Amino acid sequence: MISRRIVLHFPIDLVSDPIISRLVKKYDLECNILKADITPRQIGILVLGLKGENSNYKDAIEYLKSLNISVQLLSQDVTRDDDRCIECGACVTICPTDALTRDPLTGAVSFDKESCIGCELCIVACPMRAMKVCF
Amino acid sequence: MRTIAEINDKIKKGKAVVFTAEELIELVEEEGVSKSAEKVDVVTTGTMGPMCSSGAYFNIGQGKPKMKLGGGKATLNDVPVYTAFAAADFFLGSNALPDNDPRNKIYPGRFAYGGGHVIEDLVAGKDLKFIASAYGTDCYPRRELSTLINIRDMNQAILFNPRNLYQNYNVAVNRTDRVIYTYMGILKPNLGNASYSSAGQLSPLLKDPSYRTIGIGTRVFLGGGVGYIAWWGTQHNTMVEFDQNGIPTEPAGTAALIGDLKQMSPEWLKGASFTGYGASLAVGVGVPIPILNEEICFNASLSNEDISAPIVDYGSDYPQAWSRDLGSATYAELMSGTIRVRDKEVPTSSLSSYPRARRIAGILKEWIEEGKFYLTERVAEFPGPGSGYDCRPLKERPI
């Protein structure tokens, strides 16, 4: 069993295709759509949670890539600029998945990329603008 | 017990015993106040968080022909500065915004770049755009100036903050049913979160609550360099509630700080953007407290369990200047991650960085131990608790 959050970039000609439906039917994956957007240049962006058998997940990723869809792990797209972050903790009550947490003893603020769903709420909540997203 | 002159003598010999405020708390728990006061010469404190009433003034020298900025207009990286001094001086406040910033017209505004960011960029050694216009005089004929400018080429660049180091602060909550955007951060509806802003047991003015040592002329760590307390800060208030230990249980004293910006570092001065509110500057400050007697030692040893802050509704009570009691929380409770407000568990977050506060207290300790930083005798005292010096609301009268 594998569980991953990925970011997909669709070329223009695929924006109207039911890709997710195929991931469910053909590869038996649980799909959780975290974000879906079409930019003015008509490139589709989809942030997706996928869960299922390892081999199915692997085949599904191959299938997506064969369609010219770029696939990236979400954890590579949301980052914290440690030069800007002063570890105040303004983000921790805004983050809906506890990806940003504060140590009750030291006050140290940690960012757990694996729990991040790319909602971008932290970006505007951070006074130092230390959180960056690049889908 | 000891004098500041004696402490400085020990610093010179490399023999001063310096503890951070956290270390003193542990020591007093183990050995009691008397023994600790005997042992420790200096306690170091620290804090770093957005301190909106901050700014800097500059003198940039004259070009050819000469120009009188006073009465004219000028911008640094498109952020307007205040020019109403003599020919080549100006002041920049941390909340200043470019004229073309949409502010809250597109709500909530982002405030990506303002005065605080300009100060950070200057300190980082970046070249900035300086554009000025003036009306021209016989002795200062020039009317237009457009140049790159760098802090190293300025005659003076002086950080001058009219109000820093708030002694205690509110815990902000939101009891309305919509998200609000405040200088205390984003507050979720229906008591969704609580935001506080003090380093608590490391915070300078909470460690010397009656100003037994801190006053005008106190040398401090400021923005990574050395600064001084110039005066008590604006809104300094001595007529507040105090607990049994003499610690204010609401926002009270403040300090105005001054120091050479050229010595400072962008690590300890950072431009801040408060969504829906505005631009600001996060400032790192550390203040040494000489342990001159047991009382000073006792005050400096009080911990997060002993210090509490009032909970204030920023949805209605704060903006309308209504007074309503939502209770209080200790800094120990605030650090734990949740507090109780009106029978609801409310998650907490901080705007003041506790890890940075701790680092500043540590750096100041090192400076003193290494003989790089000597203590000063203050030259005048702050108005003390209950002295009558207060912070009054505006008295509006028809013109």
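Author: Let's start with the largest pocket, which holds about 1,400 Å³ of space. A pocket here is an open set of points on a 1 Å grid over the protein atoms alone, where a 1.4 Å probe fits, with protein on both sides within 12 Å along at least five of seven lines; lining residues have an atom within 4 Å of a point. The volume is the space filled by probe spheres set on those points, which are joined across faces, edges and corners. Keep in mind that this is a predicted model, where local features need pLDDT of at least 70, side-chain atom pairs count only at 80 or more, and totals for chains, interfaces and linings use all residues. Residues are numbered from 1 along each chain as its sequence is written, chains are lettered from A and ligands numbered from 1 in the order written, and side-chain values use heavy atoms, without hydrogens or water.

So who lines the pocket? There are 48 lining residues, and nearest the centre you'll find Tyr166(B), Tyr169(B), Asn170(B), Pro251(B) and Tyr318(B). By class, the lining splits into 27 nonpolar, 14 polar and 7 charged residues; Ala, Val, Leu, Ile, Met, Phe, Trp, Tyr, Cys and Pro count as nonpolar, Asp, Glu, Lys and Arg as charged, and the others, including Gly, as polar. In chain B, β3 (47-50), β10 (156-164), β22 (308-313) and α6 (317-320) each supply at least two lining residues, and β3(B) gives the most, with 4. (Helices, H or I of at least four residues, and strands, E of at least two, are DSSP runs numbered from the N terminus.)

Most residues other than glycine have a negative phi, and most peptide bonds are trans. Asn168(B) sits in the loop between β10 and β11 (171-173) of chain B, and at 0% relative accessibility it is buried, meaning under 20% relative accessible area with a 1.4 Å probe and protein chains only, against over 50% for exposed and partly exposed in between.

Another loop, between β7 and α3 of chain B, holds Arg103(B), whose phi is positive too, near 50°. With a relative accessible area of 31%, Arg103(B) is partly exposed. That loop, from β7 (89-93) to α3 (115-123), is also the place of Pro108(B), and the peptide bond from Tyr107(B) to Pro108(B) is cis, with omega near -10°. A cis bond also joins Lys64(B) and Pro65(B), with omega about -10°; Pro65(B) lies in the loop between β4 (55-59) and β5 (73-76) of chain B.

Further along chain B, strand β24 (residues 338-341) pairs with β25 (residues 344-350) in the antiparallel sense over 4 bridges, where pairing takes at least two DSSP bridges. Arg340(B) stands opposite Glu345(B) in β25(B). In the hairpin, 2 residues lie between the strands, and Arg342(B) has a positive phi near 45°.

Helix α8(B) has its own buried residues, among them Tyr354(B), Ile360(B), Leu364(B) and Trp367(B). Gly371(B) follows α8(B) with a positive phi near 75°.
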